[in-house]
Amino acid sequence: MIGLIKKDFLMLKGNFKTWLILLFVYIVMAFQESMSLAFLLPFMCVVTMLSTFSYDSYNKWDAYVCSLPDGRKNSVRAKYIATILLILVTVIITTILTIIIGYYRTKTINLESMGETIMGAIFATTLLQSIMYPAIYKFGVEKARIAIFIVVFGFALIGGVLSKYIDFESIIQGLAFLENYMMIIIPIIIVVMLYISYKISEAIYNRKEY
Amino acid sequence: MENILEVKKLSKKYTGFELKNISFELPKGMIMGFIGENGAGKTTTIKSILNIIGNYKGEVKIFGLDNKKNEREIKEDIGVVLDDMFFPEILLPKDINTIMKDVYKNWDSDLYFKYLRDFNLPKDKQIKTYSKGMRKKLEIAASLSHHPKLLILDEPTSGLDPIARNEVIDIFRDFIQNEECGVLLSSHITSDLEHIADYITFINDGEIILSKTKDELIEQYGIVKCTESEFKKVDKQDYIKYKKTKYECELLVENKNEFKKKYNVNTIDKISLEDLMVLMVKGEK
């Protein structure tokens, strides 16, 4: 599996300049506003990982990988792990930069608010990954984009309709007591979400014929 | 003789196409040419053997082991070239070494780079800059660099110029020298198979219509060329297929010598694999 993880990283090395530009943008923005763009780099991980799916599909890599020892078993796993590793690396870079720049600007470090922002960024990114990857394995990169749009639009529509009948605000207020436990609840949600997403992707991939 | 590959009653159904009870055996130390027209079922058979496609009926044994139960173990010893399916073209050939040394236990980096040098393939250029022939050679290099015992190759010589084809054919020939290895090679370039194949397996419309040693084929099969009036005198059971051209009839016969005796014919043309394919597929009965 390590070989397959390396493959995805090697495919991304062409994006090095883009990453440097994004890093520069983040540093500039962080000097202005500190934390508001904390999601930028982790979010870009998922976006750039999508290009690896496109290359895989274009070169019919999936048929080839299924001919390798444990290829089918490890292919999906490697994609998820590569993405998570990439997200972790960018989160670490973002955190370090935020601490340095934040301290430079205010001479203080607000660990609590920084932790919440970073956690929010990881949640948003892994949520995107968890929804996108099974859709890509099922429909391919191009169709998955449309599928995601339909799903998001569908949810918004259903939410809009339901909001007429359900008082969401009072539900949210009712759940306010959870706020103190968010730093525990969110990581659990992230792990469960990724696990379910991975299992769905794996099931789709195992059934698929390339 | 011990078989390195056994396919028994392999069946797979798609809408509009079906593999029908495919069976053949490849003994150790042999090269099998797998021929058939486009869409005949060669790639589907190869993908089934490799479990790239599933839900097929039948049994596949490689090195005497079941290809599903012992998949990992078996695949460590198989080298594969698939038609138009390979590493993403954004990668460099040297990246393939970085990846594959963690995929195969026996990956031999020195051997891989030796093949790259022998095939004149630059290791630092993106695969997308390679010509079709260079990509094919790269696929072949990657398929050979973990010291496999069985090569399963789908159209490995397509896109190669005659010199490169000869180079590759020599490599396959060397590969089986130790008598412990085997090659299943599908190809449209039947002349290549005439040079190296020990066995020929012919698939047509999802069915194996012939699986014999090449020597048997060349010694026994033949093409009888005759006029239409001579053709009318030939019993139907004495030929497999026939084809009428403007001036003559061509009959594919399974036993040259018997035909010679029965019809008092002096010469029967030797058959080429290409003639055999054309007559088998396009000929009439």
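Two strands are taken as paired where DSSP finds at least two bridges between them; the strands (E, at least two residues) and helices (H or I, at least four residues) are themselves DSSP runs, numbered from the N terminus. The model is predicted, with local features needing pLDDT of at least 70 and side-chain atom pairs pLDDT 80 or more, while totals for chains, interfaces and linings use all residues. Residues are numbered from 1 along each chain as its sequence is written, chains are lettered from A and ligands numbered from 1 in the order in which they are written, and side-chain values use heavy atoms, without hydrogens or water.

**View 1. Chain A is built from nine helices and has zero strands.** Read from the N terminus, the order of its elements is α-α-α-α-α-α-α-α-α. Along the principal axes, the C-alpha atoms of chain A fill a box of roughly 55 × 50 × 25 Å. Helix α5(A), which covers residues 71-106 and has 36 residues, extends 51 Å from its first C-alpha to its last, close to the 52 Å expected at 1.5 Å a residue (the expected span being 1.5 Å times one less than the number of residues). Just after α5(A) comes Lys107(A), whose phi is positive, at about 60°.

**View 2. Chain A meets chain B in a contact that takes 26 residues from chain A and 34 residues from chain B.** Contact here means heavy atoms within 4.5 Å. The two chains bury about 2,600 Å² between them, and 61% of this area is on carbon and sulfur atoms (buried area is the accessible area, for a 1.4 Å probe, lost when the parts are put together and summed over both). On the side of chain A, Tyr64(A), Pro69(A) and Glu209(A) provide 25% of the area that this chain buries against chain B, more than any other three residues.

**View 3. Four strands of chain B form an open sheet with antiparallel pairing, in the order β2-β1-β4-β5.** The edges of this sheet are β2(B) and β5(B), each of which pairs on one side only. Strand β1(B) is joined to β2(B) by eight bridges, the two running antiparallel, and Lys12(B) stands opposite Leu19(B) of β2(B). Strand β1(B) (residues 3-14) is also joined to β4(B) (residues 57-62), by five bridges and again antiparallel; within this pairing, Glu6(B) has Lys61(B) of β4(B) as its bridge partner. Within β2(B), which covers residues 17-27, lies Asn21(B), a residue other than glycine with a positive phi near 45°.

**View 4. The hairpin of β4(B) and β5(B) has two residues between its strands.** Two bridges join β4(B) to β5(B) (residues 65-66), and these strands run antiparallel. Lys61(B), the bridge partner of Glu6(B), also stands opposite Asp66(B) in β5(B). In the loop between β4 and β5 of chain B is Phe63(B), which has a positive phi of about 55° although it is not a glycine. Most residues other than glycine have a negative phi.

**View 5. Two further hairpins of chain B join β9(B) to β10(B) and β12(B) to β13(B).** Strands β9(B) (residues 199-204) and β10(B) (residues 207-213) pair in the antiparallel sense over six bridges, with Glu207(B) of β10(B) as the bridge partner of Asn204(B). Two residues separate β9(B) from β10(B) in their hairpin, where Asp205(B) takes a positive phi near 50°. Strands β12(B) (residues 241-244) and β13(B) (residues 249-253) are also antiparallel, paired over four bridges, and Lys243(B) has its bridge partner, Glu250(B), in β13(B).

**View 6. One cavity of 30 Å³ or more is found in a search of the whole structure.** A cavity is a set of points, on a 1 Å grid over the protein atoms alone, where a 1.4 Å probe fits but cannot get out, and its lining residues have an atom within 4 Å of a point. The space in the largest cavity is about 40 Å³, a volume being the space filled by probe spheres set on points joined across faces, edges and corners. Its lining consists of Ile49(B), Leu50(B), Asn51(B), Ile62(B), Asn67(B), Glu71(B), Ile74(B), Lys75(B) and Ile78(B). Helix α2(B) (residues 71-75) gives the most to this lining, with three residues. By class, the lining has five nonpolar, two polar and two charged residues (Ala, Val, Leu, Ile, Met, Phe, Trp, Tyr, Cys and Pro count as nonpolar, Asp, Glu, Lys and Arg as charged, and the others, Gly among them, as polar).

Conventions
On a 1 Å grid over the protein atoms alone, a cavity is a set of points where a 1.4 Å probe fits but cannot get out, and a pocket is an open set with protein on both sides within 12 Å along at least five of seven lines; lining residues have an atom within 4 Å of a point.
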